[in-house]
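Time for another page in the notebook.

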Amino acid sequence: MHPTDIHSLLQRYQRGECTPEEIRLVDQWYDLLNHEQAPPELTPAEQAEVRTAMWQRIKDQTLQGEDLSPPLQPWYAQAGRWAAAAALAGALGLGAQQLLTRPAAPATLATAQASRWQLYTNTTAQPHIVQLTDGTRVRVAPGGQLKYPGQFAAQHRTVYLQGEAFFDVAHDKAHPFRVYTRQLVTTVLGTSFRVQAPVGAAPVVVQVRTGRVRVQPLANTPAGAKPAPLVVLPNQQAVYSPQRHALARGLVAEPVQVAAQSFAFDDRPVPEVLAALEKAYGVTIEFDAPALAGCSVTLNLPEASLYDKLDVLCKTLGATYTKSDTRILFRSPGCRAR
């Protein structure tokens, strides 16, 4: 299929001028991309254009109250569709024909009927919780838009987000949960995390509170390479820059406590204090063990944040700390007379 024809098809798709068979073709392209199977007849640029077209259709048609799911039809109504599909496949080329003539899974139409897409837009000044059918709770921030099905598909759970939302995902190992933004897909099994997906060229941020997620950019780099995914752990974040096509991992601004731990230390060795902070916040703290040998402190900081605790410890020892990637580097000249 000629690139100009693909571009024209996607433009008509966004305007709602495609035939049902053309709509099905684009939907199948997008489904392959969601399952990380690039359609062989599409270039990386065309794959990105398919994603953009689908996003615009999801937003525009849902806001107009239209249902994106294909309607159920009796078997005799399908014959005319497949005849038209065969004619269209001949016009679009062999790759399109292979897609159009691929047998649909028996549950495909029933699933589509049951999974009517819904769009929630938070127009209030307060976060709003959306309860999904699998038990997942999504706290949508003001201005955020969440696109979700009335019933999830059999193989996976997929939603679409624009803006910011916090996800508390119901654990289901057999059905991965995927959050799509325009730039990223975040895949989890059961965890809690925040996604910030602003409109435009601003960075997309995924922050993990519990569990772990995999973050994968959707667009290829300018050189055509697929950016490598990142696994993000508690109190870490992945930041993607659409302009630079760069995905980086680091610590969140305010790590939260992820494990029970007492912060009352009575003349305890400093390495023990640092190990307790590592356990409580799930953050790696690197330090020079010989320099801290023989150092002990007495502290009681139950209400302070991780960085406040480190600030007090540094002041007591004359030490410093810096953040590097997902680690904290703790540096001390050793014990000083007190």
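Predicted model: local features only at pLDDT ≥ 70, side-chain atom pairs only at ≥ 80, totals over all residues.

Next I checked how the strands β15 and β18 are joined. I found 4 bridges between β15 and β18 (residues 327-331), and the two strands run parallel.

Then I stepped back to the whole sheet. It is open, has 3 strands in the order β15-β18-β17, and its pairing is mixed. I noted β15 (284-287) and β17 (320-324) as the edge strands, each pairing on one side only. From one strand to the next, the twist averages 25°.

Which helices lie across these strands? I found α7 (residues 270-281) across β15 and β18, running at about 160° to β15. I also found α9 (residues 306-317), which lies across β17 and β18 and runs at about 15° to β18.

The axes of α7 and α9 come within 11 Å and cross at roughly 170°. Angles over 145 degrees count as roughly antiparallel, so α7 is roughly antiparallel to α9.

Which residues make this contact? From α7 I listed Val 270, Val 273, Leu 274, Leu 277 and Tyr 281. From α9 I listed Leu 306, Lys 309, Leu 310, Leu 313 and Leu 317.

Last, I sorted the residues of the contact of α7 with α9 by type: 9 are nonpolar, none is polar and 1 is charged.

Terms used: Residues numbered from 1 in each chain as written. Heavy atoms only, no water. Pairing = 2+ DSSP bridges. Axes fitted to C-alpha atoms, helices over the stretch in contact; angles between N-to-C directions. Contact = heavy atoms within 4.5 Å. Parallel < 35°, antiparallel > 145°, perpendicular 65-115°, else oblique. Nonpolar A, V, L, I, M, F, W, Y, C, P; charged D, E, K, R; others polar.
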